[in-house]
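Hi everyone, thanks for coming. I'd like to walk you through one structure today, so let's get it up on the screen.

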Amino acid sequence: MGALVLAEGDTFTPPGAGDFELPPIFLGVTKPMILIVLSLIIIAAFFLLASRKLKVVPGKGQFAAEYVYDFARNGIAREQIGSKDFKPFVPLVLALFSFVLVNNLFGIIPIFQFPTFAHIGFPLALSLFVVYPVYHYVGFKRHGFVGYLKHATVPPGAPGPIYILLTPIEFLQKFVLNPLTLAVRVFAAMFAGHLILLVFTVAGEFLLLHAGGVFKPISVVSWLFAILMTFVEALIQVIQAYVFAVLSANYIGAALAEDH
Amino acid sequence: MSNIVLAQAAETAVNLNPGLAAIGYGLGAIGPGIGVGLIWAAVINGTARQPEAQGKLMGIAWTTFVLTEVLALIGLVVYFIASAA
């Protein structure tokens, strides 16, 4: 890095957490706020338009919507919650999956280029205000207050004295850590991914315009890596959306599960 | 004399936080790295023994991979928190 600095006298400031604070566009409305509302409009429009005039032999839009719906219903909800009582939760799981997916994909779509879940407030709100109340509410409703606490913190089948250690850990896990890690997982993945893309892109620009002559061709390598990391980032974004929905459905299924 | 030395020594205070945070993140990424490697090794072994199980194995692999990866990601977040202070 020292040689790069001495070549031109410019210093390279690597992108950091400060690059995620986007200035407001008008009246205190920032870009992530607009993107969140835009994702809502996109998803609603997609499913509404695709479900007009449903045919037995689907056209392209209906096929795509049915594929996503089928994936969320069978692949995620039914598998995690069980075929007996998964049906009321299919809209929630489908909404979580598609919402997280579209917002993540905003990170690599050219004009938007900001994954809204790179601000921790968004996944925290989803996890603390949507998923957490749902799975505890259904658990309390099914098992009663004491029954659900027993069901959640005392897993059957462990040897006696282990419960002294196991019960506080299970309580901490289910009531404190699960919603937090659910949010931090998608936040950190989006944050790190966006940061990687920023580093390669900004470094390429620095190498091309501000570094000495011998370093200028390296900017092409940097931008090539930015393109490669975009593909990796696309995969990670889809996986994080899938896992958010899967884990939410898993928590609901674990709360609803009958004792063995 | 010792007062002057102490006064001079106190002026050059080096901020160690970003360096220590980087070391902490590096150490914290060892565990998840090994864990993720074990998960995918299990997937490869299972697919080698029984190729038709690949679909189910990949499904399990992605869910367990993300559970392990979150520890490395939490380490990354802690790096940013620690290097700021």
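I'll talk about a pair of helices, then the contact between two chains, and then an annotated stretch. Please keep in mind that this is a predicted model.

Let's start inside chain A. As a reminder, two packed helices are described by the angle between their axes and the distance between the axes. Here the pair is helix α3 of chain A, residues 60-81, and helix α8 of chain A, residues 218-256. Their axes come within 7 Å, and they cross at roughly 35°. The crossing of α3(A) past α8(A) is right-handed.

Which residues make the contact? From α3(A) we have Ala72(A), Ile76(A), Ala77(A), Gln80(A) and Ile81(A). On the α8(A) side there are Ala245(A), Val246(A), Ala249(A), Asn250(A), Ile252(A), Gly253(A) and Leu256(A). If you sort the residues of that contact by class, you get 9 nonpolar, 3 polar and no charged.

Now for chain A meeting chain B. Chain A brings 11 residues to this contact, and chain B brings 9. On the chain A side, the elements giving two or more residues are α7, residues 163-209, and α8. Of the elements there, α7(A) gives the most, with 6 residues. By class, the chain A side has 9 nonpolar residues, 1 polar and 1 charged.

Last stop, chain B. An unreviewed UniProt entry annotates residues 21-81 of chain B as "domain: V-ATPase proteolipid subunit C-like". How much of that stretch is helix, and how much is strand? Over residues 21-81 of chain B, the chain is 92% helix and 0% strand. The end C-alpha atoms of this stretch are 9 Å apart.

Thanks, and I'm happy to take questions!

Definitions and conventions: Residues are numbered from 1 along each chain as its sequence is written. Chains are lettered from A and ligands numbered from 1 in the order in which they are written. This is a predicted model: local features need pLDDT of at least 70, side-chain atom pairs count only at pLDDT 80 or more; totals for chains, interfaces and linings use all residues. Axes are lines fitted to C-alpha atoms, for helices over the stretch in contact, and angles run from 0 to 180 degrees between N-to-C directions. Helices (H or I, at least four residues) and strands (E, at least two) are DSSP runs, numbered from the N terminus. A crossing is left-handed if the near helix is turned anticlockwise from the far one by less than a right angle, and right-handed if clockwise. Two residues are in contact if their C-beta atoms, placed from the backbone, lie within 7 Å. Ala, Val, Leu, Ile, Met, Phe, Trp, Tyr, Cys and Pro count as nonpolar, Asp, Glu, Lys and Arg as charged, and the others, Gly among them, as polar. UniProt positions are given in the numbering used here, feature names are shortened, and annotations may be inferred rather than shown by experiment.
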